[in-house]
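Work through the following exercises with the model at hand, and compare each step with the solution given.

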Amino acid sequence: MSVYHWQPASRQRHVLPGPRGTYGLEDKATALCGELVEVANTEAPARFWASCEKCWEAAKQVDMSATRPR
Ligand SMILES: [Zn+2]
(Lines give C-alpha, C1' and ligand atoms only; values in the text may rest on other atoms or scores of the structure.)
Protein backbone atom coordinates (compact mmCIF):
# COMPACT_ATOMS: atom_id res chain seq x y z
CA MET A 1 0.00 0.00 0.00
CA SER A 2 1.30 3.40 -0.91
CA VAL A 3 1.41 6.01 1.80
CA TYR A 4 1.37 9.75 1.26
CA HIS A 5 0.79 12.77 3.40
CA TRP A 6 0.09 16.47 2.96
CA GLN A 7 3.09 18.52 3.91
CA PRO A 8 3.66 22.30 3.92
CA ALA A 9 6.59 22.89 1.61
CA SER A 10 7.75 25.75 -0.59
CA ARG A 11 4.83 28.00 0.42
CA GLN A 12 2.13 25.47 -0.48
CA ARG A 13 0.75 22.24 0.88
CA HIS A 14 2.06 19.41 -1.26
CA VAL A 15 1.59 15.64 -1.13
CA LEU A 16 4.83 13.85 -0.31
CA PRO A 17 5.47 10.11 -0.43
CA GLY A 18 5.90 8.24 2.83
CA PRO A 19 4.18 8.48 6.22
CA ARG A 20 3.98 11.76 8.14
CA GLY A 21 7.27 12.46 9.86
CA THR A 22 9.39 11.06 7.03
CA TYR A 23 10.98 14.42 6.36
CA GLY A 24 12.70 16.92 8.62
CA LEU A 25 12.56 20.69 8.41
CA GLU A 26 14.15 22.00 5.19
CA ASP A 27 14.57 18.52 3.71
CA LYS A 28 14.15 18.42 -0.06
CA ALA A 29 11.58 16.02 -1.44
CA THR A 30 9.80 15.42 -4.73
CA ALA A 31 6.07 15.98 -4.31
CA LEU A 32 3.35 14.13 -6.21
CA CYS A 33 3.10 17.08 -8.61
CA GLY A 34 6.72 16.48 -9.61
CA GLU A 35 8.09 19.61 -7.98
CA LEU A 36 11.19 19.44 -5.80
CA VAL A 37 10.01 21.18 -2.65
CA GLU A 38 11.58 22.23 0.64
CA VAL A 39 9.78 20.93 3.72
CA ALA A 40 8.51 23.68 6.00
CA ASN A 41 7.58 23.82 9.64
CA THR A 42 4.16 22.21 10.08
CA GLU A 43 3.06 24.74 12.68
CA ALA A 44 1.05 27.89 11.88
CA PRO A 45 1.02 29.78 9.58
CA ALA A 46 1.98 26.91 7.25
CA ARG A 47 -1.27 25.18 8.19
CA PHE A 48 -3.15 27.83 6.25
CA TRP A 49 -1.19 27.67 3.05
CA ALA A 50 -3.12 26.77 -0.08
CA SER A 51 -3.02 23.20 -1.29
CA CYS A 52 -1.06 22.54 -4.47
CA GLU A 53 -3.55 22.07 -7.33
CA LYS A 54 -1.37 19.54 -9.11
CA CYS A 55 -0.94 17.52 -5.94
CA TRP A 56 -4.73 17.50 -5.52
CA GLU A 57 -5.09 16.02 -8.99
CA ALA A 58 -2.31 13.50 -8.39
CA ALA A 59 -3.73 12.58 -4.99
CA LYS A 60 -6.95 11.41 -6.63
CA GLN A 61 -4.94 8.77 -8.44
CA VAL A 62 -3.35 7.29 -5.33
CA ASP A 63 -4.58 5.89 -2.06
CA MET A 64 -5.04 8.87 0.24
CA SER A 65 -7.37 7.02 2.59
CA ALA A 66 -4.78 7.15 5.36
CA THR A 67 -4.60 10.90 5.36
CA ARG A 68 -6.62 14.07 4.90
CA PRO A 69 -5.78 17.35 3.22
CA ARG A 70 -6.12 19.28 6.47
ZN1 LIG B 1 2.46 19.83 -5.30
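**Exercise 1.** Determine how many residues lie between E1 and E2 in their hairpin, and which residue in the turn has a positive phi.

Solution. E1 and E2 form a hairpin with two residues between them, where strands (E, at least two residues) are DSSP runs numbered from the N terminus. In the turn, Ser10 has a positive phi of about 50°. The model is a predicted one, in which local features need pLDDT of at least 70 and side-chain atom pairs count only at pLDDT 80 or more, while totals for chains, interfaces and linings use all residues. Residues are numbered from 1 along each chain as its sequence is written.

**Exercise 2.** Describe how E1 is joined to E2, and state which residue is the bridge partner of Trp6.

Solution. Strand E2 covers residues 12-17, and six bridges join E1 to E2, the two running antiparallel; two strands pair if DSSP finds at least two bridges between them. The bridge partner of Trp6 in E2 is Val15.

**Exercise 3.** Explain why E1 is largely enclosed by the rest of the structure.

Solution. A residue is buried if 20 or more other C-beta atoms, placed from the backbone, lie within 10 Å of its own, exposed if 12 or fewer, and partly exposed in between. Five of the six residues of E1 (residues 4-9) are buried, so the strand is largely enclosed by the rest of the structure.

**Exercise 4.** Classify Arg11 and Glu26 as buried, partly exposed or exposed.

Solution. Arg11, in the loop between E1 and E2, is partly exposed, with 13 other C-beta atoms within 10 Å. Glu26, in the loop between E2 and strand E3 (28-30), counts as exposed, with 10 C-beta neighbours inside 10 Å.

Notes. Helices (H or I, at least four residues) and strands (E, at least two) are DSSP runs, numbered from the N terminus.
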